Amino acid sequence: MKLSRSPRKKRLSENFVEKSTWNLRDVGHLRAVKEALHVSTAPSNVVCRDNEQNRILDFCKNCVEQEKAGSLYVCGCPGTGKSLSMEKVKNILVNWANEEHLQPPDILSINCTSLTKTTEIFGKILGENYPQKKPDRSTSPLLVLQNMYSQKQPTGVQMILVIADELDYLITKDRAVLHDLFMLTTLPFSKCILIGIANAIDLADRFMPKLQSLNCKPMVITFRAYSKDQIITILQERLRELPYKVFQPQAVELCARKVASASGDMRKALAVCRSALEILEAESRDPVSNFSLPLSDRNADQQKPAPCDITTNQANNMVRIDHVAAALSKTFKSPVVDTIQSLPQHQQMILCSAVKLFRGGKKDTTIGELNKYYMDVCKSTLIPPVGIMELSNMCRVLDDQGILKLGQSKDDKLRRVTLKVDGADIVFALQGVRFFRNCLQ
Ligand SMILES: Nc1ncnc2c1ncn2[C@@H]1O[C@H](COP(=O)(O)OP(=O)(O)OP(=O)(O)O)[C@@H](O)[C@H]1O
Ligand SMILES: [Mg+2]
């Protein structure tokens, strides 16, 4: 199945393409970019989740076709596209059922955080779809449902698809509500297709054994954290809706690299991009201050071209790597970043050389080879290098700080060097200084 973008949106963006080029000072343009990057803006194309969506859809189609109840448990860390994918699947399912001339199920989407008490979920299932089956005082919605699904029902009774998002909120001490809910799908005449969504990865381990012992085995689909490349693809896809180029590719990459190494949470990636745009906006209003740089670096950054310089106008209008670095620092300042930022300059240059050296996927090197990269960095920044003995001593200091790891060898040049911190943290820590920024681009 191909999840294609909606024709309406496509036409909208095509019209847009004919219209304009990016202008940072145009309020309408700014609003459009911010909207494209807003978490609550549903993207017309949910990329990078085709596999998960297809599996959920297949599960639902199977239940609908065979008119059989079933349960599915969707889990994954925050911001990994679970709720978004579910919305997409829901729409595709209804269209599919209509095309196939099958009766689509009634759909009940519940965000469990909105329930005042956990057992309220049974009332919702009963109330919305079987209003005629109101429980009297002596019984409860759960009992009515259990009773109903235990007896043959008249033909034509619709299936119900219950999507219980934020399922974690139903955990009670004895997990009774969770068990009762899933067990509804195992009753002999059940019409309930249940999809529970939660971000507690271990929730399944905690409630599954009991369910399995009762012969209920929900299918489990895990949404893994987004990788750097997936975050880049998603951001590019969202920005593709706009007719202009607003972000430099390296800026998007830095955001993706850092967010992927921290959590893979798409909400964070979007927040960082929006914040970077706001920093650029503030800078354009007050071009003398460089908002993206730390105070200590603002004066040192005099080589920065004036905003009115025509040749650099376009670059000045775009969100650059330094804007993203500043936005990231607001969101994720870590102790490692602080440590790296307060190191002496030559130690920072060693780390910058190591990041360049390890970019190709290499995991370790020797002091001799690191020295070659360090010499190149010194050359490009016109800073006189220290000798290899001193470089080796500085590597030892970085090893003591837990930033590098040094191996043993009689010959210093042959000592093995590996990074003990995330390369993205180094890039991030050094981005604020112009010559490192140039070196790392
Ligand atoms: N594949 C994607 N394409 C475009 N945008 C995405 C994608 N995945 C996530 N997003 C964006 O990130 C936001 C968060 O995603 P979503 O609400 O689906 O996360 P979740 O996995 O349900 O998180 P939680 O566990 O916190 O509920 C979405 O509103 C959307 O803006
Ligand atoms: Mg969600």
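This is a predicted model: local features need pLDDT of at least 70, side-chain atom pairs count only at pLDDT 80 or more; totals for chains, interfaces and linings use all residues.
Residues are numbered from 1 along each chain as its sequence is written, and side-chain values use heavy atoms, with hydrogens and water left out.

Lys258 forms a salt bridge with Asp425 (2.3 Å, N to O); the term denotes a side-chain nitrogen of Lys or Arg within 4 Å of a carboxyl oxygen of Asp or Glu. This pair links distant parts of the chain, for Lys258 lies in helix α10 and Asp425 in helix α19 (residues 423–430), 167 residues apart. Helices here are DSSP runs (H or I, at least four residues), numbered from the N terminus. Asp425 is also buried, at 10% relative accessibility.

The whole structure contains 15 salt bridges. In another of them, Glu253 meets Lys228 at 3.8 Å, N to O. Here helix α10 (residues 249–262) is linked through Glu253 to Lys228 in helix α9 (residues 228–240), 25 residues apart. Glu253 is partly exposed, with a relative accessible area of 29%, and Lys228 is partly exposed at 25%.

A further salt bridge joins Asp322 and Arg320 (3.0 Å, N to O). Asp322 is buried at 2% relative accessibility, and Arg320 is buried at 13%.

Conventions. Chains are lettered from A and ligands numbered from 1 in the order in which they are written. Helices (H or I, at least four residues) and strands (E, at least two) are DSSP runs, numbered from the N terminus. Buried means under 20% relative accessible area, exposed over 50%, partly exposed in between (1.4 Å probe, protein chains only).
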